[in-house]
Amino acid sequence: MIITHSKGRGKKIHILIDGEYQITTDIDFWAENFYKDGEDISEEEWKNLTDKIYYKKAVDKCYDLLSRRDHSVKELKTKLLRTVDEDNAQKAIQKMLDYGYLDDEKYARNLVNYLSKSKNMSYSFIKQELYKRGISGDIASYALEDIEVDNVSSIISLLQTKYASRLTAEDGKKKVIVALMRKGFSYSDIRNAFERIENDEFNE
């Protein structure tokens with residue numbers, strides 16, 4: 001197999017085998033793993049090179065995603081598998097774990113705190129969200145131990161802020177009730193919240 005390369009946009013390097021495009025990397029990687037144009041490489045050499053490229057892609061993607069927000073291990077791996085293979089995705093995940101950039105326990109605690117205090121979500125919604133993001137049952141239970149969610153108070157807060165303008169619209173109350181139930185609040189808690197607002201009990 002004859003390997004050649006061509007420069008792409010910015011720092012991109014396109015690698016070709018027998019004149020056909022195969023994969024893209026960057027100039028820094030290519031400088032460290034250089035092959036002369038026209039060099040004959042074996043199947044094993046080519047596999048080793050592409051494995052290194054995909055591993056670098058996986059690690060770079062991890063850094064990019066984690067720089068934007070925290071992720072659970074499952075979330076990050078799911079995103080990596082869209083562009084790289086299972087083996088390189090797992091190796092990149094392990095590197096992030098070893099460096100301390102991934103921590104499901106810390107992630108779960110922060111998510112619970114955010115959803116309960118900033119978003120006024122119900123206990124059941126928060127629990128479901130943890131499982132959806134791949135948090136194990138043990139870690140989810142540990143993260144949920146320290147919170148006390150008062151569903152009625154959370155609903156009242158939402159009714160006075162996020163949903164206040166919707167309540168004045170036609171069928172507003174019905175639509176708000178549906179929206180609240182989608183957040184995991186029970187109908188009885190929603191009803192109690194409306195009753196407390198109507199009776200001004202939350203100001204006592």
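The buried residues of helix 6 pack against helix 5 (104-118), helix 7 (137-145) and helix 9 (172-182). Contact here means heavy atoms within 4.5 Å. Helices are DSSP runs of H or I, at least four residues, and strands are runs of E, at least two, numbered from the N terminus.

Before I go on, the ground rules. This is a predicted model, in which local features need pLDDT of at least 70 and side-chain atom pairs count only at pLDDT 80 or more, while totals for chains, interfaces and linings use all residues. Residues are numbered from 1 along each chain as its sequence is written, and side-chain values use heavy atoms, with hydrogens and water left out.

Back to helix 6. Which residues of helix 6 are buried? They are F125, I126, E129 and L130, in a helix that runs over residues 123-132. Because they cover an arc of only 135° around the axis, they sit on the same side of helix 6. That arc is taken from the directions from the helix axis to the C-beta atoms. As a reminder, an α-helix has 3.6 residues a turn, so residues three or four places apart point the same way. The face turned away from the buried side carries the exposed residues Q128 and K132. Buried is under 20% relative accessible area, exposed is over 50%, and partly exposed is in between, with a 1.4 Å probe and protein chains only. After helix 6 comes G134, with a positive phi near 85°.

Now the pair of helix 6 and helix 7. Their axes are 10 Å apart and they pack at an angle of about 145°. Axes are lines fitted to C-alpha atoms, for helices over the stretch in contact, and angles run from 0 to 180 degrees between N-to-C directions. From helix 6, Y123, I126, K127, L130 and Y131 meet G137, A140 and L144 of helix 7. The residues of this contact divide into six nonpolar, one polar and one charged. In that count Ala, Val, Leu, Ile, Met, Phe, Trp, Tyr, Cys and Pro are nonpolar, Asp, Glu, Lys and Arg are charged, and the others, Gly among them, are polar.

Last, the whole chain. The protein chain has 10 helices and four strands. Its C-alpha trace spans about 85 × 40 × 20 Å along the principal axes. Of the 204 residues, 38% are buried. T161 is exposed, at 52% relative accessible area. T161 and I13 are 52 Å apart in space, C-alpha to C-alpha, and 148 residues apart in sequence.
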